Each structure stands twice: as structure tokens, then as C-alpha cells.
Amino acid sequence: PLDARRVAPASRVLIVSNRLPSTVRVDEGRVQLTPSAGGLATGLRGVHDAAGSTWIGWSGAPAELPSATRREIALRLAEVDALGVPIHGPEIAGFYQRFANGVLWPVLHDRDDHPDPDPDDWATYRAVNARFAAVVAEEARPGDRVWVHDYHLMLVPRLLRARRPDLRTGFFLHTPFPDSMASLPQRRTLLDGILGADVVGFHTPAYAARFGDAVRATLGRDVELASGAGFADDDGRAVSVHACPMSVDAAGFAARATDPRVIRRVQELRAAGGPLFVGVDRLDHTKGIPERLAAFERLLDERPELRGRARLLQLAVPSREDVPAYRELRARVEALVARVNRRFATLAWQPVTYVYGSVDEVELSAMYCAADVMLVTPLRDGMNLVAKEFVASRIDEKGVLVLGEHAGAAAELRAALLVDPRDAGELSRAYARALDMSPAERRVRMRRLRARVDAHDVRRWADECLALLGADLQASERRGPGR
Ligand code: ADP
Ligand code: F6P
């Protein structure tokens, strides 16, 4: 067998995730690619371009398509150095919608109010993971580094090792690691699946520690490595565990803040005057959007002088619309928006502007740059890149970040106004405090936040993760993309 630590000169990085950087939709036979939303796709996109990697994942469309359409999808994906793994309609429902998003996602965010996992859905999850492992095993050349991402593919590292023990493999989890996985009967197999990797990464030291506790408690493995935190697998192979906080293209967001199109849009968004609160989230029950709206309503109740002036601009990016919990959340959020507007709106002023949809990068940057107060108040969140994108955008050193203390980003962004979003009173008091904060305090806090994000940008995250994997991003860049 090959020595996995010797990188062949032509070795590539294979990024493996369920979601690809572009999502395919087929509309009346026409193939359309749109940029995928979500931190995994936005964070890894630049790394993929720099590393000249191959990205293996699901196109977003069901595999049951005419062969000409399937060929066109494969060609379009190849243009962005991506390789599709076919998933059929019923598998999308069992693997992605029900097991990954209906059960695993709530468990990982410490919620136990999920449905019991269906044995058939679990079988589908295993089958799709096995298919991913087979595609990677087929695609990987000796010496390639395989970097598997997220909760959809927890079994892939172990399954891949069975097929290709020569490959060095990393696994990175983009969600929190929970206090308890007790409500999940499949936890042993899932944890063992992850331990098939050589390197396991999390956003924060707390998640890495909880993973260690879960492995010790569930699998009875308790071997600490001399080289740092980690485990010895059954065969004595070392599995190292790391905390590497993901980040954003800080320089890119800073540069975009000076784009004339962004500056023009900022002026338009601020034209009405009065304090502007902004929220940007995938429409997800982890993001605390109803709590955020209720706290805004409370602020208007308690501070009548803000009526007619303060506005909340909430962008909700559509997500997982076929999962019932997400449809219910949308109805709940929209009812709340309607209630606040019904209670307070006048002919001249509407307190909440709610957009259910996607915006382009100019509009996104304009929202960040226009905000007096950015509301990033998830109930729980692996990292939350939106918080870092906001900070990176504020080259004017203005704007206040109200940040939920259970977001991974809160471990780094200590100069934000940290809040418990479950406490409605605390949340609305934080809004008021943000408005009342002196310009000097805003500047001091924003400088500290910006210093952190500038020094720990996505490039640094990728460098650290790839170095642990034995891949060298700079060497990839020297070779150039696609090789
Ligand atoms: P999550 O990964 O749970 O969605 P994050 O805050 O970590 O949460 O990441 C969200 C990402 O989605 C950010 O990088 C943000 O810029 C991006 N995003 C927001 N709106 C859109 C959009 N309309 N289209 C594409 N990406 C978007
Ligand atoms: O970045 C967090 C994340 O949960 C990813 O794991 C996921 O790809 C993304 O959000 C968006 O969700 P989805 O892939 O279901 O569209």
C-alpha cells in the first residue's frame, strides 16, 4: 500500500459534500445552475477555485431524468470542476429530507423534538453514503487527499477506508456537535463512520470536546494521542481531532463595500432615514427568526418614539422547502411579520420588510453596509458566516452586531453584543442598547471584531485544514486550477 503521508506531485484535493457549489434545477427540460446558499457552499467555493480541487456531490436534481439532460448536467458541472453523484427522487426524500434534515439536523442542534428515525430512511442514508464512497473510490488517484463535509455523509470516511485504505481522508462538520446524541439510535454507526477519517475538524473547541466525549461514551474509545486530542482506531491508526473555525473572504467583502453599485444601494436602503435593523438567514428553525421578530415587536411596544422610524429588513433565503418543519416555519414567520406590520404600520412607514428569496452579492453587501444593527440571533448554529460577512463588510467601523451566544461565531466575536435569543426581554434590550450605543463604543467594538475576522479569514481556515490533511493549498495554486 501507498504511504499516505507522501503527497504525489500531481495529487489533488477531492472535496466531498452533499451540496455542490452550484445547484441544478431542471425547468421544462432546461438545465439551470444557481449558486448554492449556505455556509458550506459559500465558504468552500473560493477554496475550491484556489486549490484546483474536484468537488464531488449531489447536483440538486433527481437522477430520474432523460439521458440527454443527465449528460448536459454532467457537462455543466464539469465546467466548475464538479462531479455529480446520482440520487433518485425517493432517496432524496429518505436520505436528505427525512434522515439528514428531519432527524440528524435537529439532533446536532440539540433538539430532541424530531420524529423517530424510520428504518427505511436509515437504510437509504447508508445506501447513499455507500454510493458517495464508491464514486470517490473510483475517482481518487493515489496520493489524492479526500475532504468529506457535513452530517449528510458521516459514514463516508469509514466506507471509503474499506475501499481505499491508501487515501488520507479528512472530515469536517459544519454544524454544532451536540451535548447529547441519546435520542439517536444510530449514533454508534455514525460516530464510527466519522472515525474512518484521519483528521476530524469542528468549528469550535467545545464541539471537538463534545465529540470526544461522545466517542468515549458511545464507542468506549478513550485513547488520547501524544500529538494532541484524538483517538486510535481499532487497527491502531491515529485519528486526530481539531477545532478550526471556518471563516469568510474578508478582503473580498471589504473590497465590495467600496463598489459604486453597493454604495448606491446603501443610499437607497437608508433613504427613509431612521435606524435600520437587518437580518440575513436561510429560512431555518435554528436561526431564531420568530424570536427576533417578537423582540422587534417588543421594542416598538416599549419604545414608542421608534414607531414611524425604526425598520427591520429581513431576508429569508428559501431552504429545504420539502421538509414539513421548514414549511411550518415559513408560515409562522410570515404570520409574525404580518402581525407586526398590522399593529404598527402607517401609510408612510412599514416596520418590517420581509423578503423570501435570494439576492445577488451586490444586494447582500449593501444590506450588510446599510445596517445600523445586524441581528444574527440563531438559537444554535455551527458557525454562522453571516456574522463574519457583516463584520468584514464594515470598513466604516460603524454598525453594531447583536449575536446569539449559541452561534459558533460567538466563541470568536466576543466584541459583539452577545445575547441569549430565547430570552425575549434580553433580546429586545440588546436591540435598544445597540441603538443607544455611543459612536465611540461602536467603533471600538467593530475594530476588535474586524481584527479577528481579518486575521482568521477563510484562507487561513483552508490552509490549516489542508495542512492537517497533508495537502498544500499554495502548491495547488502554483499548479493552477483544474490540474
Ligand atoms: P448556514 O450555513 O446555516 O446557511 P451561514 O451564516 O454560515 O449559515 O451561511 C450562510 C451563507 O449563505 C452566507 O455565506 C451567506 O452569504 C450566504 N447567502 C445569503 N444569502 C444568499 C443568497 N441569496 N444566495 C446565496 N448565498 C447566500
Ligand atoms: O453550512 C451549513 C449547512 O447546513 C450546510 O451543511 C448545508 O449544505 C447548508 O447549510 C444549506 O443547506 P442545504 O444543503 O440543505 O441546502
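Strand β15, residues 400-404, is mostly covered, with 5 of its 5 residues buried; a residue is buried if 20 or more other C-beta atoms lie within 10 Å of its own, exposed if 12 or fewer, and partly exposed in between, with C-beta atoms placed from the backbone. Helices (H or I, at least four residues) and strands (E, at least two) are DSSP runs, numbered from the N terminus. This is a predicted model, in which local features need pLDDT of at least 70 and side-chain atom pairs count only at pLDDT 80 or more, while totals for chains, interfaces and linings use all residues. Residues are numbered from 1 along each chain as its sequence is written, and chains are lettered from A and ligands numbered from 1 in the order in which they are written.

Val400, Val402 and Gly404 point one way from β15, whereas Leu401 and Leu403 point the other way. On one side, β15 pairs with strand β14 (residues 373-376) in the parallel sense over 4 bridges; two strands pair if DSSP finds at least two bridges between them. Within this pairing, methionine 374 stands opposite leucine 401. Strand β15 also pairs in the parallel sense with strand β16 (residues 417-419), over 3 bridges, and there leucine 417 is the bridge partner of valine 402.

## The parallel sheet

Strands β14 and β15 belong to an open sheet of 6 strands in the order β13-β12-β11-β14-β15-β16, and the pairing is parallel. Because β13 and β16 stand at the edges with a single partner strand each, one side of each is left without a neighbour in the sheet. Neighbouring strands of this sheet are turned by 15 degrees against each other on average, direction ignored. For such angles, axes are lines fitted to C-alpha atoms, for helices over the stretch in contact, and angles run from 0 to 180 degrees between N-to-C directions.

Strand β12 (residues 311-317) and strand β13 (residues 352-356) are joined in the parallel sense by 5 bridges, and leucine 312 stands opposite valine 352. Helix α11 (residues 324-344) forms a right-handed β-α-β unit with β12 and β13. A crossover is right-handed if, with the strands pointing away from the viewer, the path from the first strand over the helix to the second runs clockwise. Another right-handed β-α-β unit consists of β14, helix α13 (residues 385-393) and β15.

## Glutamate 328

Glutamate 328 is located in helix α11. This residue counts as exposed because it has 11 C-beta neighbours inside 10 Å. Glutamate 328 and histidine 285 are 43 residues apart in sequence, and their C-alpha atoms are 9.6 Å apart in space.

## The mixed sheet

An open sheet of 8 strands has the order β5-β4-β1-β6-β7-β8-β10-β9, with mixed pairing. Its edge strands are β5 (82-84) and β9 (230-232), each of which pairs on one side only. The twist averages 20 degrees from one strand to the next. Strand β4 (residues 54-58) runs parallel to β5 and is joined to it by 3 bridges, with glycine 57 opposite glycine 84.

Helix α5 lies across β1, β6 and β7, running at about 170 degrees to β7. Helix α16 (residues 458-469) lies across β1, β6, β7, β8 (199-202) and β10 (238-243), running at about 145 degrees to β7.

## Helices α4 and α5

Helix α4 (residues 119-139) packs against helix α5 (residues 156-163) at an angle of about 45 degrees, with their axes 9 Å apart. That angle makes α4 oblique to α5: angles under 35 degrees count as roughly parallel, over 145 as roughly antiparallel, 65 to 115 as roughly perpendicular and the rest as oblique. The crossing of α4 past α5 is right-handed; a crossing is left-handed if the near helix is turned anticlockwise from the far one by less than a right angle, and right-handed if clockwise.

Residues of α4 that meet α5 include Asn129, Phe132 and Val136, and their partners in α5 include Leu159 and Arg163. Two residues are in contact if their C-beta atoms, placed from the backbone, lie within 7 Å. Helix α5 is mostly covered, with 6 of its 8 residues buried, namely Val156, Pro157, Arg158, Leu159, Leu160 and Arg161. The elements covering these buried residues include β1 (13-19), α4, β6 (145-149), β7 (168-172) and α6 (187-194).
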